[in-house]
2 protein chains.
Amino acid sequence: MRTIEWRDGTVVTLDQTKLPHETVFLKLKSVLEVAEAIKTMKIRGAPLLGAAAAFALALVAYNSEAKEKRELINELVKAGEILKRTRPTAVNLFWAIDRILNSARSFSEEDQDMAVFVVEEAQKIADEDAAANRLIGKYGAELLHDGDVILTHCNAGALATVDYGTALGVIRAAWEQGKKIKVIATETRPKLQGARLTVYELKRDGIPVTLVTDNMVGYIMYKGLVNRVMVGADIIVRDAVINKIGTYTIAVLAKEHDVPFYVAAPKSTFDLAQVSANVVIEERRPEEVTYIGSERITLPGVNVLNPAFDITPLECVTAIICENGVLQRKDFVEFKANL
Amino acid sequence: MRTIEWRDGTVVTLDQTKLPHETVFLKLKSVLEVAEAIKTMKIRGAPLLGAAAAFALALVAYNSEAKEKRELINELVKAGEILKRTRPTAVNLFWAIDRILNSARSFSEEDQDMAVFVVEEAQKIADEDAAANRLIGKYGAELLHDGDVILTHCNAGALATVDYGTALGVIRAAWEQGKKIKVIATETRPKLQGARLTVYELKRDGIPVTLVTDNMVGYIMYKGLVNRVMVGADIIVRDAVINKIGTYTIAVLAKEHDVPFYVAAPKSTFDLAQVSANVVIEERRPEEVTYIGSERITLPGVNVLNPAFDITPLECVTAIICENGVLQRKDFVEFKANL
């Protein structure tokens with residue numbers, strides 16, 4: 001199945017905090033339930049957050065008792081506000097909400113039932129993401145060759161999207177083409193998406209994967225054990241790629257060792273009106289750092305930093321792969337023209 | 001008390017795997033007990049390993065029933081072999097064993113009881129380490145100033161040495177001089193020495209400390225939140241500093257951001273006859289990565305890398321602080337002449 005699905009008034013998705021130990025499905029019936037699942041990262045991954053927000057608004061429309069368009073739009077706007085407060089850095093979320101609201105505003109009541117229309121628009125967002133990932137895979141796989149060892153960070157896989165994945169979609173596509181590649185996955189503290197989710201996806205598909213701690217990346221590059229980096233993105237702005245904390249550290253090491261650094265993301269992740277200095281980097285709860293599972297790993301009350309993302313300047317990025325194709329570094333200055 | 005002490009035929013030290021949650025003292029009575037404590041990292045930290053190995057040989061001499069010098073030396077050589085197999089990269093261990101053996105070989109039986117002599121030599125190694133750390137602190141503190149925020153990795157503190165610490169000794173000395181400094185400690189996966197030991201030592205002394213995950217270092221430097229790096233070393237060879245895994249990653253980031261990168265270590269950590277290409281990097285059990293405490297963080301059976309150390313070329317090092325003073329990068333070419 002897809003990572004998220006609409007089933008007659010219910011949003012069905014996996015609880016990603018339980019993986020890889022347990023496969024628990026969430027059956028969400030209200031915007032508040034979706035918002036809570038996003039906040040606690042049961043639902044996570046930039047493209048998936050877009051689809052989840054769209055389906056949350058579909059739930060509002062589906063359950064609404066509004067008598068007229070204006071009333072339903074007010075409900076959707078309010079629900080959108082709730083969703084926007086869950087993850088401040090997540091551009092796909094904002095993009096999907098705005099897209100649903102704009103569609104709803106331009107909807108003509110004569111044509112169709114508006115609730116049906118909103119549900120269909122949300123479904124379209126999900127379908128487009130799945131299709132975009134297949135295209136990203138197709139274009140990105142051209143960059144990978146027999147014998148490549150690809151380092152990836154966090155989880156930019158099927159679980160981070162509606163289906164197939166961005167960075168892992170590229171890896172998956174190359175593997176499906178029969179290319180003999182291997183993957184090194186960083187565990188990705190504090191939430192361990194690499195150890196939990198990326199290892200799970202790759203093992204399921206039979207793609208060879210080796211797990212390392214985040215601080216081993218320097219050593220691995222020094223020893224020449226990796227020759228490509230492939231990561232996803234949470235936002236791509238005019239001057240930078242903003243992605244899971246730790247990405248920038250890997251990008252600097254890749255630059256030092258002349259290892260190509262690729263970013264795979266759908267266009268819904270791009271916000272080229274924005275520059276990195278204006279992006280709010282979400283700071284999450286200290287307990288994500290001080291606890292691992294139920295184990296406290298340090299003294300109580302210690303001061304902690306917990307930024308969820310970091311900023312990789314475009315100078316560190318070799319190419320960005322989106323559903324339009326591969327944008328090489330020289331094309332970045334013409335970002336807008338190309339999209 | 002000191003981190004390790006000789007008490008009438010018993011080596012008393014802390015079980016560092018239990019910190020910071022529990023303070024458990026080990027009372028070791030044989031070389032096998034010491035070797036086991038080193039292997040399982042109950043005893044860890046380069047300079048401390050030297051003292052522990054010395055005291056382990058003191059236990060052999062103390063308990064020996066050898067009738068003559070040659071016989072006791074054979075026992076010490078055998079015990080040394082056991083100790084040398086515990087941690088292949090730990091130069092202080094090799095250094096301390098060789099020093100005790102050489103002293104024992106040159107011992108003249110007319111002067112004194114040989115067991116007493118070996119115990120005294122081990123005690124001297126411990127005392128010299130404590131004294132060296134104080135000197136390292138004194139010289140290194142000159143490099144730190146009011147307002148500095150110092151990033152440190154792993155634990156190069158009192159717990160890694162006989163007393164006071166190397167990197168944390170420098171920080172401690174600056175703090176005792178009244179300098180207004182702050183520390184950022186990386187948690188240091190897989191064994192979390194930063195989260196468990198460095199945070200514990202600094203909080204105990206009232207020195208402000210903030211804990212981060214290893215992969216946040218890039219972000220912290222990008223944001224200008226740190227202006228010095230201070231780490232210890234496991235071996236300093238002719239062309240590189242070999243230290244806890246993750247050190248090289250930090251060094252590359254420090255270079256990229258023009259942040260001075262300092263290494264603090266006693267001369268017992270130097271092995272200038274050696275080059276980094278010939279140093280065996282210890283590869284430890286995969287379970288150190290796949291488990292945190294009793295929690296498994298990934299699928300069973302996943303392939304894992306777990307090198308305990310990495311290699312930082314001297315080009316990335318701004319200065320090395322030892323008990324002789326501060327060696328600036330320009331002096332490194334004359335390493336031997338200066339020591």
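M41(B) is found in the loop between α1 and α2 of chain B. Helices here are DSSP runs of H or I with at least four residues, strands are runs of E with at least two, and both are numbered from the N terminus. The model is predicted, so local features need pLDDT of at least 70 and side-chain atom pairs count only at pLDDT 80 or more, whereas totals for chains, interfaces and linings use all residues. Residues are numbered from 1 along each chain as its sequence is written, chains are lettered from A and ligands numbered from 1 in the order in which they are written, and side-chain values use heavy atoms, with hydrogens and water left out.

M41(B) is not a glycine, yet has a positive phi of about 65°. Its relative accessible area is 3%, so M41(B) is buried (under 20% relative accessible area; over 50% is exposed and in between is partly exposed; 1.4 Å probe, protein chains only). A positive phi also occurs at L192(A), about 60°, again not a glycine. L192(A) sits in the loop between β5 (182-186) and α7 (193-205) of chain A. With 5% relative accessibility, L192(A) counts as buried.

Helix α1 (residues 31-39) and helix α2 (residues 46-63) of chain B meet at an angle of about 160°, and their axes lie 8 Å apart. Axes are lines fitted to C-alpha atoms, for helices over the stretch in contact, and angles run from 0 to 180 degrees between N-to-C directions. The angle makes α1(B) roughly antiparallel to α2(B) (over 145 degrees; under 35 is roughly parallel, 65 to 115 roughly perpendicular, the rest oblique). Their crossing is left-handed, that is, the near helix is turned anticlockwise from the far one by less than a right angle; clockwise is right-handed. From α1(B), V31(B), V34(B) and I38(B) meet L49(B), A52(B), A56(B), L59(B) and V60(B) of α2(B), contact being heavy atoms within 4.5 Å. By class, this α1(B)-α2(B) contact has eight nonpolar, no polar and no charged residues. Nonpolar covers Ala, Val, Leu, Ile, Met, Phe, Trp, Tyr, Cys and Pro; charged covers Asp, Glu, Lys and Arg; the others, Gly among them, are polar.

In chain A, the axes of helix α6 (residues 167-176) and α7(A) come within 12 Å and cross at roughly 15°. The two helices are therefore roughly parallel. The crossing is right-handed. L168(A), I171(A), R172(A) and W175(A) of α6(A) contact T198(A), E201(A), L202(A), R204(A) and D205(A) of α7(A). This contact has four nonpolar, one polar and four charged residues.

R87(B) lies in the loop between α3 (69-84) and α4 (91-106) of chain B. At 4% relative accessibility, R87(B) counts as buried. Beyond neighbours within four places in sequence, its contacts include I38(B), M41(B) and L49(B). The R87(B) side chain makes a polar contact of 2.7 Å with that of E282(B). A polar contact is a pair of N or O atoms within 3.5 Å; within protein, one must be able to donate a hydrogen and the other to accept it, and residues adjacent in sequence count only if both atoms are side-chain atoms.

S294(B) occupies the loop between β11 (291-292) and β12 (295-296) of chain B. At 62% relative accessibility, S294(B) counts as exposed. Its side chain forms a 2.9 Å polar contact with the side chain of E295(A).
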